[in-house]
Each structure stands twice: as structure tokens, then as C-alpha cells.
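Hi,

Here is the structure I said I would pass on.

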Amino acid sequence: MNNRLYGNLIFELSKEGRRGYSLPKNRFGNYEIPTEMRRSNDAALPECDEPTVVRHYTNLSANNFGVDNGFYPLGSCTMKYNPKINEEMAALPQFQNLHPDQPAATTRGAQAIVELLERSLCALTGLAHFTFKPYAGAHGELTGLMVIDNYHRAQGNMQRKKVVVPDSAHGTNPASAAVCGLEIIEVKSGADGQVDLADLQRIVSTEGANIAAMMMTNPNTLGLFETRIPEIAKLIHDCGALMYYDGANLNPMLGVCRPGDMGFDVMHINLHKTFSTPHGGGGPGSGPVGVREGLQQFFPVVSPYHGNFAVMMRAYAYILTLGRENVRKVGPLATLNANYIKESLRDVYELPIDGLCCHEFVFDGLKNKSTGVTTMDVAKRLLDYGYHAPTIYFPLLFHESLMIEPTENESRETIDGFIDVMRRIAEEALTTPDEVKTAPHKTPIGRVDDVLAAKHPVVTFRQMKEE
Ligand SMILES: Cc1ncc(COP(=O)(O)O)c(C=O)c1O
């Protein structure tokens, strides 16, 4: 790709008078737009010939990084391979051309997909009913918390307005609780990275009557399986509150264990993560919410119609492709891959919490801190080697968090290649640290000034032709 030749913006390639199209002759007579509704000057649009436009956009698309062109170990995001059969099914004209206002009698096939998907998710999670209206995981959290809030109101427990959230939780958990009008009580993690039971007991003993729910992610955002859920669920249920499961990390549990069996009452699933829809950059998503029997009457209306049908279609195609036997392999394989990377790199990267992880784990930067090479530098250098960077500086429990999630789909060769490069970067940190600190060197754009980009983003192009 040669961005200098083709330009970064189509406006920069514009040459007055160039055309890339020709309009057919007007066959409809002259219908004039009233003068007061017409612009006084021509719109400042780029003027380019067709090859320039095609090359510009083709080259831009080649700058994109996705699971289809490289390893994408972005912790917490479950960037798994998206089988192409899912796309074929979602693109079937019988589904793609449906209109949400069509008479119900003409959409029986789509309704059957929704029902079959609901049945599959119930079987996989141990919950009784799902709503598919939420458009993302965070939207699912909000919907689930609204279910819980509606439930307490129906019991006359108006004072139950507090939600217990672990300090390791994904940022959307406290944010969703706040949007739902609930107050957050943070429970600490212990030295083992799991919820500190003593801290939870203290919270329940003082606030028990005001607690609406406890939100938990399992495995948590450190990739650790919370082993004390039965005790936690008992404490929470005994004080009259409900258990909410953030199912964004469901991947390693698939076919191994079910949130419904662990004592969770309400949960959401990120279909776009666990059930393989291309995501990133803001969508598309689907965050169905499941509840145990008896809570379905508290589902709120959070969006019109049935939510993001194409994502549901992909999820159902994925479940059918795997089948009952293979779906059981997803969790164990994702767990094996993550542990293999962790154990292969722990001599050069700092592992703050030891032991078996699930689908992902967190390093606290390089082991040798004397070089001054940070997690940010390692992430940028990975781009030079053709890998997407892992999640960095999350969770907030460590200064130099580097969170790696390989998923179950990657081959031994791909994973070994990543391990080699991570080791090479650790070596470079010792021998040529400036090379790492100034990376990336091979991407179309080098190291950006993050603060400037965040504080003074330039998101529009100043047109040459002012109106
Ligand atoms: C643990 C956890 N909870 C919630 C979310 C939010 O999901 P979404 O990005 O679909 O809103 C994520 C997203 O990655 C997550 O990792």
C-alpha cells in the first residue's frame, strides 16, 4: 500500500472537473426543486475519476486489521474466527429482506430461528427465558438490571437500590448500574484475584436490606474462575437480593458449566463474542438477557422489534455448525491456548497472579522493568510484527496490564509464532530499547500522541471550497 501516492483522504485527491460517473438521460421531465429549498453553492464534494476512487478505498481497506488477516489476542473481547457459513446464512434473502413491520404470518421462519436460538441458549446457560432486544453487552446489563429493579419494586422493596460490583469488574458494570439509577458498592478482590468473601460479608451485614443485586463476571476480568460462587450466591440470596451474571466471558464456560446451575438469576450473553459475529469498532452486537423461571414478566421494553436479527442468525448457524459435541470443546480449548501462552512467556513477562487461568490472563508488563519499556511500547511493537495488540492497561488492578485472550480457534503454529515475537520484543527491550519505545515503524501511521488525540481530536476535514 502506498498512502503517499493515493492520499489519506479522498478530498486530497480531488481535481476540479474530474468525473467518475455519468448520469443517464432524464426520462421523467423537469420537476424543479423550489428555490428556497436549494443550496446557493454547489456542495464541496471531491472530484475524482473512477480508478482513483477504487484504489483509494481498496488501499484504505487493506490498512484494516481483523480476525480474517491476523492473530487478534485482544483480552476481554473474544475476537474469535467468524465462520463464513454464518455470513451466508445471515445473508439469505429470505432473512435479509425481512421488514420488521411485515405481517407476523409472513415471518414464521425468522420467528422459528428466534425460538430455536432461545432454546439453545437456555440449554447452554441453565436459565429459562431470553429476550433478544438488547443490542450489545452493556445494553444487556442495563436490561438485566431493569429486570431486577422491576422485580424488587413488584415486591414493594423500593429501598433495594444498591448493586455490589467487584473492583475487577468491566467498566460497563458500574456504568450500567448507574444508568439504571442504582448505587454501586465496590467489593474488593483478594490476593488470589477473586472476590474477597470477608469484604462481601461486611457489605451484606451493613447494607443487606438495600442491596438489589450482585454483578459478577465469571471467569472474572483477570481470567480467573471464581471458585466461591456458591457461598457468594447464598450470602446474596439470603439477604433478599439477586445474582447477575455478566456473560461476556462465557466462552471458557461453554459446555463445561452453566451460570443457571451456579445460582445466577439474570444474565446477558455477548452473542457477538462467544457466538462469533465480527465485532469491534462499535458493532454490530447482540446482548440477549436470560432469566430464571418467574422473572420473565419483568423484561422491560428496551428496543423495538426483536433486536439485531442478523447477529442472532449468525449465532444460531454457529451453534448448529458446532453441534452438541463440539460446543463442549470450545471452553477447554480456549483455556488450553491461554495457559500455553502464559506458561511460555512468564519467564520474561511479569505474572502478577499465578495459577491456572481460563480463556485469558493478565501480565503486569515486562519482568525486567529497568529498561523503561512499557506495556504500551510492547503493544505498539507487536504491530510491526503483524499482530493486533492485546488489551492494555485493563484491568486497572495493575500498572502495566497486558491482557491476552487467544480464543479456541488458533493453531499451534499461530500461537507459537506469537510467543516467539513476544519473546523477541522482550529481548529487544534489553538490546535495542529505543526501537521498541518508538514503535510502530512499519504501519501507515507511527506513534500517535494519545493525549493530543483524546483532547483535541480532529474528526472533520476542512473543505477547500467553503460554502
Ligand atoms: C466483561 C465484559 N462485560 C461487558 C462488556 C460489554 O460488552 P459490549 O462491548 O458488547 O457492550 C464487555 C466487552 O468486552 C466485557 O468484556
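**Helix pair α6 and α7**

Helix α6 (residues 137-154) and helix α7 (residues 172-179) have axes that come within 9 Å and cross at roughly 45°. (Axes are lines fitted to C-alpha atoms, for helices over the stretch in contact, with angles running from 0 to 180 degrees between N-to-C directions; helices are DSSP runs of H or I with at least four residues, strands are runs of E with at least two, and both are numbered from the N terminus.) That makes α6 and α7 oblique to each other; the scheme takes under 35 degrees as roughly parallel, over 145 as roughly antiparallel, 65 to 115 as roughly perpendicular and the rest as oblique. The crossing of α6 and α7 is right-handed, where right-handed is when the near helix is turned clockwise from the far one by less than a right angle, and left-handed when anticlockwise.

On the α6 side, Gly-137, Ala-138, Glu-141, Leu-142 and Leu-145 meet Thr-172, Asn-173, Ser-176, Ala-177 and Val-179 of α7 (contact means C-beta atoms, placed from the backbone, within 7 Å). By class, this contact of α6 with α7 has five nonpolar, four polar and one charged residues. Ala, Val, Leu, Ile, Met, Phe, Trp, Tyr, Cys and Pro count as nonpolar, Asp, Glu, Lys and Arg as charged, and the others, Gly among them, as polar.

Before you go further: this is a predicted model, so local features need pLDDT of at least 70 and side-chain atom pairs count only at pLDDT 80 or more, while totals for chains, interfaces and linings use all residues. Residue numbers start from 1 along each chain as its sequence is written.

The protein chain splits into domain 1 (3-62), domain 2 (84-322) and domain 3 (329-453), with bounds from an automatic or database domain assignment. Between the C-alpha centres of domain 1 and domain 3 there are 43 Å.

Helix α12 (residues 309-345) packs against helix α14 (residues 412-431) at about 30°, with the axes 10 Å apart, so α12 and α14 are roughly parallel to each other. Their crossing is right-handed. Asn-337, Tyr-340, Ile-341, Ser-344 and Leu-345 of α12 make the contact with Ile-415, Ile-419, Met-422 and Arg-423 of α14. The class count for α12 with α14 is six nonpolar, two polar and one charged residues.

**Sheets**

There is an open sheet of seven strands, ordered β1-β7-β6-β5-β4-β2-β3, with mixed pairing (two strands pair if DSSP finds at least two bridges between them). Its edge strands are β1 (129-131) and β3 (183-187), each pairing on one side only. Strand β2 (residues 162-166) pairs with β3 in the parallel sense over five bridges, and Val-163 stands opposite Ile-184 in β3. Helix α8 (residues 197-207) packs on this sheet and touches β2, β3 and β4 (211-217), its direction making about 145° with that of β3.

Another open sheet has three strands in the order β8-β10-β9, paired antiparallel.

Most residues other than glycine have a negative phi, and most peptide bonds are trans. Which bonds are cis here? Asn-218 to Pro-219 is cis, with omega about -5°, and so is Ala-439 to Pro-440, with omega near 5°. Thr-78 has a positive phi, near 45°, and lies in the loop between α2 (50-62) and α3 (84-90).

Cheers

Technical notes. Contact = placed C-beta atoms within 7 Å.
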